[in-house]
Amino acid sequence: MKEDLKINGRASRLSSLKEVTLDYYPDDRGELIVVEQNILPFKIQRVFSVKGVKDLKRAEHAHKLCTQFLQCIYGAIEVICDDGYEKKKIELTKPNVGLNVPPGIWLEQNYLKDNTIINVFCDLPYEKEDYINNYEDFKLFKS
């Protein structure tokens, strides 16, 4: 199974990125945004949050096997996605819209506002070996 995912990660293209609109319930008390298992295309194994400052750059890596769903719950972030052949910039500015990223996509995150917070949902637990942290290694993985 993991080998199949690895092959799919090598084959992932930008066309496999998917923006997902989450259930959103605003009222005079505030806003409620819901992420449920049935809305994500994978079983959640790990969730983490990142708080960044304006002009901070993060990520700069790809995953061999892990699929991620990025949700900007506060602020604004520019996500640069690269499949080894082409690049695409996607801004996440609404807490009810997230981005599903399959394995094999190089990500860079640029924080556009101070105190931006993102939640990241993953289909695998943390495994150091799953990360590709060098862009040249990523290009080799994709070839």
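**Exercise 1. Which residues have the most contacts inside the largest nonpolar core, and how many residues does this core have?**

Solution. Step 1: count. The largest nonpolar core has 21 residues. Step 2: name the residues with the most contacts inside it. They are Leu17, Val79, Cys81, Leu92 and Leu99. Step 3: recall the term. A nonpolar core is a set of buried Ala, Val, Leu, Ile, Met, Phe, Trp, Tyr and Cys residues joined through side-chain atoms within 4.5 Å. Buried means under 20% relative accessible area, exposed over 50%, and partly exposed in between (1.4 Å probe, protein chains only). Step 4: find the strands. β6 (68-74), β7, β8, β9 (97-101), β10 and β11 each supply at least two residues of this core. Step 5: look elsewhere. Apart from this core lies another one, of six residues, including Val20, Leu40, Phe42 and Phe121.

A note on the source: this is a predicted model, where local features need pLDDT of at least 70, side-chain atom pairs count only at pLDDT 80 or more, and totals for chains, interfaces and linings use all residues. Residues are numbered from 1 along each chain as its sequence is written, and side-chain values use heavy atoms, with hydrogens and water left out.

**Exercise 2. What is the strand order of the open sheet of five strands, and which are its edge strands?**

Solution. Strands (E, at least two residues) and helices (H or I, at least four) are DSSP runs, numbered from the N terminus. Two strands pair if DSSP finds at least two bridges between them. Step 2: read the order. It is β8-β7-β10-β5-β12, with antiparallel pairing. Step 3: find the edges. β8 (87-92) and β12 (131-132) each pair on one side only. Step 4: check the neighbours of β10. Six bridges join β7 (residues 77-82) to β10. Four bridges join β5 (residues 57-63) to β10 (residues 106-111). Both pairs are antiparallel. Step 5: pick out partners. Val79 has Gln109 as its bridge partner in β10. His61 stands opposite Leu107 in β10.

**Exercise 3. Which residues are buried on each side of β10?**

Solution. Step 1: recall the rule. In a regular strand the side chains alternate between the two faces of the sheet. Step 2: list one side. Trp106, Glu108 and Asn110 are buried there. Step 3: list the other. Leu107, Gln109 and Tyr111 are buried there. Step 4: take a close look at Trp106. Its relative accessible area is 5%, so Trp106 is buried. The side chains of Trp106 and Glu108 make one, at 3.2 Å.

**Exercise 4. Which residues of helix α2 are buried, and which are exposed?**

Solution. Step 1: list the buried residues of α2 (residues 135-142). They are Phe138, Phe141 and Lys142.

How values were computed. Polar contact = N/O pair within 3.5 Å; in protein donor to acceptor, adjacent residues only side chain to side chain.
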